[in-house]
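Work through the exercises below with the structure in view. Each task is followed by its solution.

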Amino acid sequence: MLVTKAAAELCVLLISELYGQLPSRTFADLLTRGRSTVIQLAQHTSLNLRQVRHGLAVLIQLNLIFHHTDQDSGVTYYQANPKAAYNLVRIGKILDMVRTKYGSHAHTLVHEVFMHGHAKIGDLVNTLKDGHDARGETVNGSSHNGHNHVNGNGNVNGNSVGNGMIDLEIEDEDPDLEGQAYDSLAQLIAVGILEPLTPTMYQSPQDLKTAIEQEFLADYPTGIRGSKQTNEFDKSVRDKLRQIQGENARLKRKLEYEFMFDFSSKRRKLTNGTMSNTFAGERARYALLDELDTVLRVNYDKCAVELRNLKLERYVEDFVGDTTARVYATLLAVLSQKVSRCQVDKATEVEDDDGDLSTGPRVTTQEVFEHLSPSIDVSAGIGVLHEEGAVDIRVAEKIRKYPPQLKGSTLQETLEEGEEIIGSDDEDYDHSGEAAIEFGLHGQNGSNEVGMQVDDGVPVGTKRLHQMRQHLLILAESNQGFVRHCGARDFGEWTVDFEPLAQHLKFQELDTLIENRFGRQGLRLTRILREKGKIDDKALPGLALMKKADVHVKMAEMEMAGFLDVQEVPRDNIRSAARTIFFWFFDLEKTMQRTLDNTYKSMVRCLQRLDVERRKKKNMLSVVERKDVQGMEEEKLRGDIYNEYVQFLDIEKKLFGQVARLDDIVAVFRDY
């Protein structure tokens, strides 16, 4: 995987910040020179073989490098994994998400996995049991200075200095702590936050694919000839990759089945007040008892899905409202059970098995309603209508079976832009909405009753369910396309078209960046070029309603910054300026790559600035890092030293906060 100079420097700084100089030095050489052996690394880094092997062992344990052994020569080659190294910046965000969504026990378990890179299930259970009594005394006082980075406390965190550390609220004493540990582990594995570590995960995707191709090439002694054999060969390779991924997800599927079976009968309230389906402790113990030696690691792909859900939830809260955002969060949580990653794995060309590629995974209203927290007042946030028949049911309940602007469809090319493909006239709208009219709920406030009418075991006709549907319909009608109403089964089926929604988020981030840097006029010109394509500079003033001189100045300024490009088309061979047409255009991909690289540079500068501040406060920090001072800084330190320490913590918090905000931009442009 090729990375820019700024991204490589950022990865090295993150590893140095968390795990020390030796692993970062080894990783930097792998990034610079590519695949290398132990002897080559020793030559390039001027380290002895023992130091190189120690650095490689740390990087392998933390899943930051790939390694591959050649079967013929027996030589092992090592390769950097810059994506995994960058993910270290999200440790705090992931821990905050886990604590909020799955509870404090889950937070402790995931933090333990982060510290060691990977861990056995039995070791994680023992760690939670052994540390439970002592945590109340030591957890809030450990590593408050943010300098013991080698222990993996994750100070390059999601939001601030405190987010990456173990700063837990101590729960009430649980008589079955071991059962709770198994319970939390089973839930984390079932949702995909933790995944079993297999030998194939230590191979780069390209090495894995090459090994499979070499295995299947034995079936073609004369080589692959013709398109038919090529297609058969590619299909065999893809099927093998899917089989490997299926074997890796065996434990996950087993626990998913148990959770789905147990969901209807048991729900446990976590310490933060959220609701989550869970095992009883005994059932979790029995499910994992045969897997105590299974090694787990954090699944960053699934964590990115959860972080994207949080981003979309905040986005809906800003555009629509709090109640609708909480309903949307519930829908995303149910939908995420069928989504394993934000983007298709292009390196291995393996698609997600969940859902049709053209329409994506979908959920029903009934499924969302079963997971909806009773604390959400779904009657709030719905407008009131005073005229009967003001809502056209066929328009409000319209079903859109295909995502917008579906490419590769011959039928779509014959339709006008913005029109939808409807499978049949009988399914052009959802008849479930007619029940809402009987309750008077289309656009009206209702009560928050949770009364149920049961028909063949299926809850029907409740006001609360139809009130929740109104929020989903609001999301479906939004210009941003938060939700698509795609079916009528079980009071309506819903899906989220993440690709166009992510594109909308990218445009919003770009617009914010351009407006802050070039003002409203620069944003207006950029939007015109993005919409129209290449435009002659003589036509721009009329389209932008600006003076010609102002347009030329602003366009030249944006071209110098790299946001716009110009193409010169001479009318004759003289190529004079008077006889040349200047076409201005906006290259979205180039602009996003430049913005990403600038963001990496800004993150590097923040971490470098933090290092400068630490060197300036070296004497003070040496006192604070003493074991007899840690956790009792205010009592042990002299007044002037303590004030200096507090000022340093404030600077560190601001720098880490800025890194977290910059990471949000990277996530939108690259990962979501």
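**Exercise 1.** Determine how helix 21 and helix 27 are oriented to each other, and which residues make their contact.

Solution. In this predicted model, helix 21 covers residues 498-532 and helix 27 covers residues 639-671. Their axes lie 9 Å apart, at an angle of about 135 degrees. An angle over 145 degrees would count as roughly antiparallel, so helix 21 is oblique to helix 27. The two helices cross in a left-handed sense. Helix 21 contributes L505, K506, E509 and L510 to the contact, and helix 27 contributes I665, V668 and F669. Sorted by class, these residues are 5 nonpolar, no polar and 2 charged.

**Exercise 2.** Repeat the analysis for helix 1 and helix 2.

Solution. Start with the geometry: helix 1 (residues 5-19) packs against helix 2 (residues 21-33) at about 160 degrees, with 7 Å between the axes. Since the limit for roughly antiparallel is over 145 degrees, helix 1 is roughly antiparallel to helix 2. The crossing is right-handed. Next, list the contact: A8, C11, V12, I15, S16 and Y19 from helix 1 face Q21, P23, S24, F27, A28 and L31 from helix 2. That contact has 9 nonpolar, 3 polar and no charged residues.

**Exercise 3.** Which residues of strand 7 are the bridge partners of K120 and P196?

Solution. Strand 7 spans residues 295-298 and runs antiparallel to strand 3 (residues 119-120), with 2 bridges between them. Here K120 is paired with V295. Strand 4 (residues 194-196) is also antiparallel to strand 7, joined by 3 bridges. In this pairing, P196 has L296 as its partner.

How values were computed: Residues numbered from 1 in each chain as written. Predicted model: local features only at pLDDT ≥ 70, side-chain atom pairs only at ≥ 80, totals over all residues. Heavy atoms only, no water. Axes fitted to C-alpha atoms, helices over the stretch in contact; angles between N-to-C directions. Helix = DSSP H or I, 4+ residues; strand = E, 2+ residues; numbered from the N terminus. Parallel < 35°, antiparallel > 145°, perpendicular 65-115°, else oblique. Left-handed = near helix turned anticlockwise from the far one by under 90°. Contact = heavy atoms within 4.5 Å. Nonpolar A, V, L, I, M, F, W, Y, C, P; charged D, E, K, R; others polar. Pairing = 2+ DSSP bridges.
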